[in-house]
Amino acid sequence: MICIWSARTLIEYVTRCLFLAVWLLIFNSSAMAANEFNYFESLQERLISDGFDRDMITNLYSRPEVTFETRGISAYFVYRESKVRYDHYSEQLQIKRAKKYLAKHLSAFDEAEKTYGVDKEVITAIILVETQLGKLLGSRSIMNTLSTMAALSDPQVREALWLQISNTPDLTRERFEEKAARKSQWSYRELKAYLMHAFTEGFDPVKINGSFAGAMGIAQFMPSNIEPLARDGNNDGKIDLFDDADAIASIAYYLKKHGWRPGIDRQQAEKVIYHYNHSKRYVEAVLKISDLLKG
Ligand SMILES: [Ca+2]
């Protein structure tokens, strides 16, 4: 009796062990699959089919610094321009700092004003609001930001991201899907422009940080604006948006191309600056700072 009971116990024990082993195998396999999910696989294929060199793209996306930015991207989905404050830029201390910046780079401002006919005070105001005169250039990898957003055109990637950020306050699935669809296309174009700029100017695309939207440098240009609108202000043969003279010339040319003319009236000036950042409060802030700099 004891022997039969022991045999049954043994069979039950072995069965349980086998069941546990199979369960662990299944669990580990799915966990590994989740870890190995390649967010950028379809994005890489898309870039290659659009003409980028396969080896170059594969090497770029296999680097450990290139990662899917879940945390950074969730901030992007809840960003609202209406929450941004501009008031403090027209405070006395900020104006004093801006005047100092203007004086320091006066030759670059004079050159830009002479070449493109854009007031130096307006350019300075934009640099103050965009990056606090080149001090706050953004802390997010442009490569990762644009790649993450661009990868969202793949429904599988979108689903994987939604599972991770669905508890973000103020973010609904509807808003997420709408923004992901719209911005993934936009980001893909920006990513291509960014990679082209990096290869043209010979810098490592992985090393540059920018805003949460992928804007770069002192003037916070989006990559697609670089080729048509950025200018070599210091005449060294390169476009470097982290160089003050290049940033100053680039803003001036940008505004000129969007309709700035010497002696432009207030209403027209508002329309031109609106192209730089689609926010009426931004436009008002820039013109107010410009007035204070002239005063
Ligand atoms: Ca330059």
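Asn-234 sits in the loop between α11 and α12. Helices (H or I, at least four residues) and strands (E, at least two) are DSSP runs, numbered from the N terminus. The model is predicted: local features need pLDDT of at least 70, side-chain atom pairs count only at pLDDT 80 or more, and totals for chains, interfaces and linings use all residues. Residues are numbered from 1 along each chain as its sequence is written.

Asn-234 counts as partly exposed, with 16 C-beta neighbours inside 10 Å. A residue is buried if 20 or more other C-beta atoms lie within 10 Å of its own, exposed if 12 or fewer, and partly exposed in between, with C-beta atoms placed from the backbone. Leaving aside neighbours within four places in sequence, Asn-234 is in contact with Asp-243, Ala-245 and Asp-246. Two residues are in contact if their C-beta atoms, placed from the backbone, lie within 7 Å. Between the C-alpha atoms of Asn-234 and Asp-244 there are 8.6 Å in space, and the two residues are 10 apart in sequence.

Next comes the chain as a whole. The protein chain has 14 helices and 2 strands. Of its 295 residues, 34% are buried. Among contacts with a separation of 6 or more, 71% join residues 24 or more positions apart. Arg-281 belongs to helix α14 (residues 280-294) and is partly exposed, with 14 C-beta neighbours inside 10 Å.

How do helices pack against each other here? Two packed helices are described by the angle between their axes and the distance between the axes. Axes are lines fitted to C-alpha atoms, for helices over the stretch in contact, and angles run from 0 to 180 degrees between N-to-C directions. Helix α6 (residues 106-116) and helix α12 (residues 244-257) have axes that come within 9 Å and cross at roughly 25°. That makes α6 roughly parallel to α12. Angles under 35 degrees count as roughly parallel, over 145 as roughly antiparallel, 65 to 115 as roughly perpendicular and the rest as oblique. On the α6 side, the contact is made by Ala-108, Phe-109, Ala-112 and Tyr-116, and the residues from α12 include Asp-244, Ala-245 and Ile-248. By class, this contact of α6 with α12 has 9 nonpolar, no polar and 2 charged residues. Ala, Val, Leu, Ile, Met, Phe, Trp, Tyr, Cys and Pro count as nonpolar, Asp, Glu, Lys and Arg as charged, and the others, Gly among them, as polar.

Helix α6 also has two sides to tell apart. Ala-108, Phe-109, Ala-112 and Tyr-116 of α6 are buried. They cover an arc of only 100° around the axis, which puts them on the same side of α6. The arc is that of the directions from the helix axis to the C-beta atoms. An α-helix has 3.6 residues a turn, so residues three or four places apart point the same way. Leu-106, Ser-107, Asp-110 and Lys-114, on the other side of α6, are exposed. The cover over the buried residues of α6 includes α5 (92-104), α7 (120-131) and α12. Just after α6, Gly-117 takes a positive phi of about 70°.

A second pair of helices is helix α4 (residues 70-78) and helix α9 (residues 155-165), whose axes come within 11 Å and cross at roughly 85°. That makes α4 roughly perpendicular to α9. Thr-70, Ile-73 and Ser-74 of α4 meet Leu-161, Gln-164 and Ile-165 of α9 in this contact. Its residues divide into 3 nonpolar, 3 polar and no charged.

Asp-170 has a positive phi of about 65° although it is not a glycine, and Asp-170 is exposed, with 8 other C-beta atoms within 10 Å. Gln-220 lies in the loop between β2 (209-210) and α11 (223-229). Phi of Gln-220 is near 50°, a positive value in a residue other than glycine. Is Gln-220 buried or exposed? Gln-220 is buried, with 25 other C-beta atoms within 10 Å.
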